[in-house]
Amino acid sequence: MILLKVLTLRTLILLESLSLGSTLRKKYFLAEYTIKGHTVFSCEWSERAGRGVLLYVKSNLHPQEITKPRISNVDTKYVQILSGSKKLILALVYRPPGQNSNVDNELYEQIVDICSHNDAVIFGDFNLPIT
């Protein structure tokens, strides 16, 4: 399914950044998901084959991955981009439903840390319970 999305997106030329969070095929090659002029960042877990997120950023924004510790059962990808002299962090998050408060607290702390150093755009699927 995600390969179809990528094939469709290859026709877009004004795309600055894009995130895809979906079930990936059990075995895939990142090269299958490239979009010309973009750098792709992925987050996959070997113990959870078939899951992960992809973040595409236009290469002329000089994207650089920011490494953070993994949070159990949560997919995150943090990338710093440069536009002129301005730095911006793109934070892509996939939090599956039904996480416990420890996982939520870890994710919160990680996001606070990212936001305390630079401007940030945080997006993704948080599956937060609404009561």
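Which backbone oxygen lies 2.8 Å from a polar atom of the side chain of Gln-110? The backbone oxygen of Pro-69 does.

This is a predicted model, in which local features need pLDDT of at least 70, side-chain atom pairs count only at pLDDT 80 or more, and totals for chains, interfaces and linings use all residues. Residues are numbered from 1 along each chain as its sequence is written, and side-chain values use heavy atoms, with hydrogens and water left out.

An open sheet has four strands in the order β4-β5-β6-β7, with mixed pairing. Strands (E, at least two residues) and helices (H or I, at least four) are DSSP runs, numbered from the N terminus; two strands pair if DSSP finds at least two bridges between them. At the edges are β4 and β7 (119-125), each pairing on one side only. β4 and β5 run antiparallel and are joined by three bridges. Gln-64 has Gln-80 in β5 as its bridge partner. Helix α2 (residues 101-117) packs on this sheet and touches β4, β5, β6 (86-94) and β7; contact means heavy atoms within 4.5 Å.

Gln-110 lies in helix α2. Its contacts, leaving out residues up to four places away in sequence, are Lys-68, Pro-69, Ile-71, Thr-76 and Tyr-78. The Gln-110 side chain also makes a polar contact with the side chain of Tyr-78 (2.7 Å); such a contact is a pair of N or O atoms within 3.5 Å, and within protein one must be able to donate a hydrogen and the other to accept it, while residues adjacent in sequence count only if both atoms are side-chain atoms.

Two residues by accessibility (buried is under 20% relative accessible area, exposed over 50%, partly exposed in between, with a 1.4 Å probe and protein chains only):

| Residue | Relative accessibility | Class |
|---|---|---|
| Gln-110 | 8% | buried |
| Asn-73 | 25% | partly exposed |

Asn-73 is in the loop between β4 (64-66) and β5 (75-83).

Key:
Axes are lines fitted to C-alpha atoms, for helices over the stretch in contact, and angles run from 0 to 180 degrees between N-to-C directions.
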